[in-house]
Amino acid sequence: MNHRKPLSVVRLPAVLALAVLALPMLAATATAAEIEIVQKDKAFSQPTAKIKVGDTISFRNGDPFFHNVFSLSDVKTFDLGSYAQGLSKKVVFDKPGTVEVECAIHPQMKLTVEVVK
Ligand SMILES: [Cu+2]
């Protein structure tokens, strides 16, 4: 005689427990992302970026001279100052809207960030 319970009955609570534990982790990874934009050859590596509220952009200087990163836009006003090759600074975009990003050293450098909900 076999007195073992069917496997499906035994394992169901364990599967449910794992699913419940995994949900907050999935939610966390789905809500915030980070992208990198490089300043290279006196230009941002992309002219526009579309991100979601709460996302982060990491600005890396890929040129052998100083760059600055700043914005005067109401949606996100910031100034990361000037920094050297290889260094990165991050900005979290916490409100929806359009943010014009520039470099104070090279006025021709422009990046438009579209922050959506
Ligand atoms: Cu620059």
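I started with the largest nonpolar core, which has eleven residues: Phe44, Ile57, Phe59, Val69, Phe93, Val99, Val101, Cys103, Leu111, Val113 and Val115. By nonpolar core I mean a set of buried Ala, Val, Leu, Ile, Met, Phe, Trp, Tyr and Cys residues joined through C-beta atoms within 7 Å. Buried is 20 or more other C-beta atoms within 10 Å of a residue's own, exposed is 12 or fewer, partly exposed is in between, and C-beta atoms are placed from the backbone.

The largest share, three residues, is from β9. Strands here are DSSP runs of E, at least two residues, numbered from the N terminus.

A note on provenance: this is a predicted model, where local features need pLDDT of at least 70, side-chain atom pairs count only at pLDDT 80 or more, and totals for chains, interfaces and linings use all residues. Numbering runs from 1 along each chain as its sequence is written.

Then I looked up what Phe59 touches. Skipping neighbours within four places in sequence, I found Ile37, Gln39, Val69, Leu80, Ser88 and Lys89 in contact with Phe59 (contact is C-beta atoms, placed from the backbone, within 7 Å).

Last, the angles. Most residues other than glycine have a negative phi. Asp41 has a positive phi of about 55°, and Lys42 has a positive one near 60°. Asp41 sits in the loop between β1 (34–40) and β2 (43–44), and the place of Lys42 is in the loop between β1 and β2. I get Asp41 as exposed, with 8 other C-beta atoms within 10 Å, and Lys42 as partly exposed, with 13.

Terms used
Helices (H or I, at least four residues) and strands (E, at least two) are DSSP runs, numbered from the N terminus. Two residues are in contact if their C-beta atoms, placed from the backbone, lie within 7 Å.
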